[in-house]
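Here is a short report on packing and voids.

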Amino acid sequence: MSSGLGTDLLARLSRATRRGAGSAGEIVAVVAPAPVVPAARLVAACASAAPIVLFQASPRDGEEPLGIVGFGEIARVEGSGPERLVQVTSAARKLFASLREERDADAGSAPGPRFVGGLSFRTEAHHEPPWTSFADASFSLARWIYVARAGEAWLWLLVRDEDLASERPAIEAELASIEAAFVIAARPAQDALSHGAGEGARIEGTSREAFCSLVREALDAIRAREIDKVVPVATSRICPARPLDARATLARIADAYAETTRFAVQRGERVFLGASPERLVSRRGRVVTTDGLAGTVRRGADDASLVRALLANPKERREHALVVESIASVLGPRCASLDVPETPTIRSLPNVHHLWTPIRGDLRDDTHVLALVEALHPTPAVSGTPRDHATAWIATHEPDARGWYTGAVGWFDAAGDGDFAVAIRAGLVSEDEAWLYAGAGIVEGSDPPAEYAETRAKQAPMLAALGIV
């Protein structure tokens, strides 16, 4: 690709700033058409711009999946404690009010700037390693925002008006790096396993014996009627023989699991990334959609028999029903209508099958997507039921901090629309280590060794993306 995109974008920025100085603190946003490339490969190809964020929505019937990549950061909003998302919403609203979009006719349909980020499973007064750089809730408004939808793509540049003169050299250098990344990302995918952990990597973490013991404790609590369901998590720490490459890991898992929502959020030297099969909530205007996803079987040679067995398994159906009932009870009062299928279908991934109930509703009012996230998170699929009791059980029994794992990742815009995935099938990656996580839903009838085997199946995608298996 030539330097046409860079020249075009800088010319648009010059025209926008000549139209008149804005108020103090104003953010000027200009946009130009860009090449359509795989979002995760664009991240992998652009090594110089940080921090990175990525959200690539999964393909779904009746929807145009939106891909978002962010390089650098013009602003960050964060929240802590029980009011974390209220704090984020308030801070973001002020920033959106200071944002001046400048569009030419050829970018009139470009999706506007938006925040991308996420939140932890539960709030913490102190964030334990390896999650010390990740706040309870944290969202970035990137300096460079690449958005792609339905065969079209655009690149946004956001600049504080008063900083333009001093930052222009840095902007030009970053733009050159991003332009080069477009060229690389457009090439056919190549095997990047040579950059993985490979041979010699050491794996530490929750042993089979320790996890089975945790499951037995959960079953004791269920039989004592303290909880109905709980989702304990097993952790693995990867200690590589050579440095890990988080961006290459993201590109590999994105290529291998194209039917999922791929995501990445960088804080400091660590990148939280993954490929989630589960939507927490999406809001488009007053249309809200979400997933009931619980009940799992590992794929095998006789897939048809495995699917039939999963659909007929009382334990898996009970686990799934608890999730669907909880979601319906949260959304029902907020919706004028809510469509909840009576029986689940199957959502198939390359490594597992899940019981899946897609849910759709029409909101009564213009509830912000972050308010919906607050109401739904955490679902019984990642915590348990009753929610507060299950979350408290997890806090007192799990030996390792979950951080953002089983939290939520996604985006929201100035209108309050947004899309969030449950942060599962994920890991926290830096050059010198990676932390992987996987949970299993425990209800009456759960078998501890089978639940541990489920966590191994769920960690397999990230292990493969790291080059371990």
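Phe-115 is in contact (heavy atoms within 4.5 Å) with Ala-75, Val-77, Ala-92, Leu-95, Phe-96, Phe-139, Ser-140, Leu-141, Gly-410, Trp-411 and Phe-412, leaving aside neighbours within four places in sequence. The model is predicted: local features need pLDDT of at least 70, side-chain atom pairs count only at pLDDT 80 or more, and totals for chains, interfaces and linings use all residues. Residues are numbered from 1 along each chain as its sequence is written, and side-chain values use heavy atoms, without hydrogens and water.

Phe-115 is also one of the residues that touch the most other members of the largest nonpolar core, which has 91 residues. Helix α5 (residues 208–223) gives the largest share of this core, eight residues. A second, separate core holds 53 residues, including Leu-244 and Ala-465. A nonpolar core joins buried Ala, Val, Leu, Ile, Met, Phe, Trp, Tyr and Cys residues through side-chain atoms within 4.5 Å; buried means under 20% relative accessible area (1.4 Å probe, protein chains only).

Now the voids. On a 1 Å grid over the protein atoms alone, a 1.4 Å probe fits in a cavity but cannot get out; a pocket is an open set with protein on both sides within 12 Å along at least five of seven lines; lining residues have an atom within 4 Å of a point. Volume is the space filled by probe spheres set on the points. There are five cavities of 30 Å³ or more.

| Void | Volume | Lining |
|---|---|---|
| Largest cavity | about 180 Å³ | 19 residues |

β16 gives the most to the lining of the largest cavity, four residues. α10 supplies the largest share of the lining of the second largest pocket, three residues. Helices (H or I, at least four residues) and strands (E, at least two) are DSSP runs, numbered from the N terminus.

Conventions. Buried means under 20% relative accessible area, exposed over 50%, partly exposed in between (1.4 Å probe, protein chains only).
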